[in-house]
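Reader: I have not looked at this one before. Can you walk me through it?
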Amino acid sequence: MTETQPTDAAADGGADGAPVRRSPVERRILDAALRLFAERGFDGTSVQGIVEAAEVTKGALYHYFDSKDALLYEIYHSLIARQLADLDAVLAEGLPPREAVRKVLTGLILSTAEHIDEAKVFSRESHRLDDARMHAVRADRRRYHNTFRGLVEQGKRDGSFTTPTPADTVTIVALGMVNQLPRWYRADGPKPAAELAAEVADFILAALD
């Protein structure tokens with residue numbers, strides 16, 4: 001990505017786009033912040049509350065994260081970095097457009113469902129981020145959007161997809177459906193994530209025809 005990322009400790013993904021926060025202390029802090037943000041909201045959660053829930057010192061928290069904003073950003077960044085890495089892996093396979101679109105969509109839905117708490121917290125609290133971190137969020141999303149749109153455009157060029165609908169519109173609809181998952185999806189709901197992912201992919205591919 002061309003935009004500058006936040007500079008708090010270890011905020012960037014590795015060379016393959018994977019999250020880099022892996023130490024036990026960092027993981028405990030993030031898990032505690034996620035749980036408290038989900039239960040109490042961003043404003044209702046204090047740094048002291050996170051420290052107590054994670055069973056670390058304030059010094060340890062501030063060693064890795066400079067603010068609650070940094071924690072909220074990292075909750076999102078861990079998820080999108082994982083999803084971007086999955087996207088890159090599909091592209092590296094060199095699949096035909098139809099297979100690639102199916103694999104990207106099903107993987108994205110499964111990943112979002114698996115980490116639905118992170119997605120819910122970010123969906124609800126993202127407006128709390130400062131300008132620099134929000135800029136980074138938009139850069140990540142723009143990269144995903146543009147890459148998926150490129151797959152649709154490739155399929156339209158080679159005849160795999162015959163819809164006259166512009167690739168950008170298809171991308172907005174397809175990714176918009178996934179972005180709505182945090183509003184209604186429940187892991188203990190009646191439909192398994194894999195079944196939902198297959199149905200959404202079938203729906204989008206049918207529309208492309």
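This is a predicted model: local features need pLDDT of at least 70, side-chain atom pairs count only at pLDDT 80 or more; totals for chains, interfaces and linings use all residues.

Reader: What share of the residues count as buried?
Author: Of the 209 residues in the protein chain, 46% count as buried. Buried means under 20% relative accessible area, exposed means over 50%, and partly exposed is in between (1.4 Å probe, protein chains only).

Reader: And how many helices and strands are there?
Author: The protein chain has ten helices and zero strands. Both are DSSP runs numbered from the N terminus: helices are H or I with at least four residues, strands are E with at least two.

Reader: What share of the contacts join residues at least 24 apart?
Author: Among contacts between residues at least 6 apart in sequence, 72% join residues at least 24 apart. Contact means heavy atoms within 4.5 Å.

Reader: Take helix 6. Which of its residues are buried?
Author: Helix 6 covers residues 116-125, and its buried residues are Ile116, Glu118, Ala119, Val121, Phe122 and Glu125.

Reader: What do they pack against?
Author: The buried residues of helix 6 pack against helix 1 (24-40), helix 4 (68-93), helix 5 (97-114), helix 7 (131-157) and helix 9 (181-184).

Reader: Glu125 is on that list. Which side chain does Glu125 meet in a salt bridge?
Author: Glu125 pairs with Arg128, at 3.4 Å from N to O. A salt bridge is a side-chain nitrogen of Lys or Arg within 4 Å of a carboxyl oxygen of Asp or Glu. Glu125 counts as buried because its relative accessibility is 5%, whereas Arg128 is partly exposed at 31%. Salt bridges that share partners join Asp43, Arg124, Glu125 and Arg128 into one network.

Reader: Where is Ser126 then?
Author: Ser126 sits in the loop between helix 6 and helix 7.

Reader: Buried or exposed?
Author: Ser126 is buried, with a relative accessible area of 17%. Apart from its neighbours within four places in sequence, Ser126 is in contact with Val121 and Met134.

Reader: Back to salt bridges. How many are there?
Author: The count comes to 14 salt bridges. One of them joins the side chains of Asp31 and Arg27, at 3.1 Å from N to O. Both residues lie in helix 1, four residues apart, or about one turn of the helix.

Reader: Why do residues four places apart point the same way?
Author: An α-helix has 3.6 residues a turn, so residues three or four places apart point the same way.

Reader: Which salt bridge links distant parts of the chain?
Author: Lys103 and Glu93 meet in a salt bridge at 2.7 Å, N to O. This pair does link distant parts of the chain, with Lys103 in helix 5 and Glu93 in helix 4, ten residues apart. Lys103 is partly exposed, at a relative accessible area of 38%, and Glu93 is partly exposed at 41%.

Reader: New topic: at what angle do the axes of helix 8 and helix 10 cross?
Author: Roughly 170 degrees, and the axes of helix 8 and helix 10 (residues 193-208) come within 11 Å. Axes are lines fitted to C-alpha atoms, for helices over the stretch in contact, and angles run from 0 to 180 degrees between N-to-C directions. That crossing makes helix 8 roughly antiparallel to helix 10, a label for angles over 145 degrees; under 35 is roughly parallel, 65 to 115 roughly perpendicular and the rest oblique.

Reader: Which residues make the contact?
Author: Helix 8 provides Val170, Ala174 and Met177, while helix 10 provides Val200, Phe203, Ile204 and Leu208.

Reader: Which residues make the nonpolar surface patch?
Author: Val173, Met177 and Phe203 make this patch of about 260 Å². Patches are made of residues with over 30% relative accessible area and no salt bridge: like charges are joined within 9 Å, nonpolar side chains (Val, Leu, Ile, Met, Phe, Trp, Tyr) within 5 Å.

Conventions. Residues are numbered from 1 along each chain as its sequence is written. Side-chain values use heavy atoms; hydrogens and water are left out. Accessible areas come from the Shrake-Rupley method with a 1.4 Å probe; for residues, only the protein chains shown count as cover.
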